[in-house]
Protein chains: 2
Amino acid sequence: MPKHEYSCDCPIIHHEKVESVQKKMLQDPDFAQVTAFFKVLGDNTRLRILWALDQEELCVCDIASVLSMTKSAVSHQLGTLRRANLVKCRREGKTVFYTLADHHVRQILEAGLEHIKEEA
Amino acid sequence: MPKHEYSCDCPIIHHEKVESVQKKMLQDPDFAQVTAFFKVLGDNTRLRILWALDQEELCVCDIASVLSMTKSAVSHQLGTLRRANLVKCRREGKTVFYTLADHHVRQILEAGLEHIKEEA
DNA sequence: AAAACAGTTGAGTGATTGTTCAACTGTATT
DNA sequence: AATACAGTTGAACAATCACTCAACTGTTTT
């Protein structure tokens, strides 16, 4: 029986387990997508923006006022949220209004909140 | 009626909205906790570790083998996951076995996966 | 007691990232 | 057409962070 090749610095202790788990792992791109999704939520500013938009549709100035931040900083983060498909926007004259992309975002936000409340 | 003080570079456009949303915002520590939680999930290595542990209880060497990483790198991330209460561990002789802290972690993982599948 | 092994930990480093600053769109007003 | 305003964007800087390396526990074996 041939030795297996390991690309880590460990002799494998539970070989069967490792093989079995390896089969059940997701594809790299899938992991990357899920990671990217959580990464977007893992920032204080973006989370507060999403929470604010969960209450009401708001323009960039409104959000900046709620968070006490500059328009520029907020706009950068809104860009990130847009690219991640977590928010939508519509222009009305000079003003751009933002809303949550869908109800799904709302659910995850509340799930996160529930999680930390349960911990306490 | 007195002018309001703004700590951003914007004249507020929708004043009533801003006040109303501001009241509904969470306390800073609450946001910080939720952010920290998502931040832990927002890393490729940690997510893969959690996914692996979702399949089976594993020791550090096993995890390192599954991910093709060094024990040290994995151990560092396990430390982060432990501090965030996402995993538990038990020692058995020289070996330390890790498991998910609770079913709640499992749920959030799967919620994240469903989210990205719906997007496609 | 000494060697071997599973795992942890601290310092250092390179990469990522959030905010600022300044310049820039695009739309509306005068 | 010129000014003003809402918003965007790129470069630069500071802070954060994941991995490496080396030294270290703690447990078992000989």
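1. Basis. The model is predicted, so local features need pLDDT of at least 70 and side-chain atom pairs count only at pLDDT 80 or more, while totals for chains, interfaces and linings use all residues. Residues are numbered from 1 along each chain as its sequence is written, chains are lettered from A and ligands numbered from 1 in the order in which they are written, and side-chain values use heavy atoms, with hydrogens and water left out.

2. Interface. In chain A, 62 residues are in contact with 62 residues of chain B (contact means heavy atoms within 4.5 Å). The copies meet through the same surface, because 100% of the interface residues of chain A are also interface residues in chain B.

3. Buried area. The two chains bury about 5,700 Å² between them, 66% of it on carbon and sulfur atoms (accessible area, 1.4 Å probe, that two parts lose on being put together, summed over both). Of the area that chain A buries against chain B, Lys17(A), Phe38(A) and His115(A) supply 11%, more than any other three residues.

4. H2(A) with H6(B). Helices here are DSSP runs (H or I, at least four residues), numbered from the N terminus. Helix H2 (residues 28–41) of chain A packs on helix H6 (residues 103–119) of chain B at an angle of about 105 degrees, with the axes 9 Å apart (axes are lines fitted to C-alpha atoms over the stretch in contact, and angles run from 0 to 180 degrees between N-to-C directions). The two helices are therefore roughly perpendicular (65 to 115 degrees; under 35 is roughly parallel, over 145 roughly antiparallel, the rest oblique). Phe37(A) and Phe38(A) are among the H2(A) residues that meet H6(B), whose side includes His115(B) and Ile116(B). The contact residues divide into 6 nonpolar, 3 polar and 2 charged (nonpolar: Ala, Val, Leu, Ile, Met, Phe, Trp, Tyr, Cys and Pro; charged: Asp, Glu, Lys and Arg; polar: the others, Gly among them).

5. H4(A) with H1(B). The axes of helix H4 (residues 60–67) of chain A and helix H1 (residues 15–24) of chain B come within 10 Å and cross at roughly 40 degrees. H4(A) and H1(B) are therefore oblique to each other. Asp62(A), Ser65(A) and Val66(A) contact Lys17(B), Val18(B), Val21(B) and Gln22(B).

6. H4(B) with H5(B). Within chain B, the axes of helix H4 (residues 60–67) and helix H5 (residues 71–83) come within 9 Å and cross at roughly 110 degrees. H4(B) and H5(B) are therefore roughly perpendicular to each other. The contact is made by Val60(B), Cys61(B), Ile63(B) and Ala64(B) of H4(B) with Lys71(B), Val74(B) and Leu78(B) of H5(B). It divides into 6 nonpolar, no polar and 1 charged residue.
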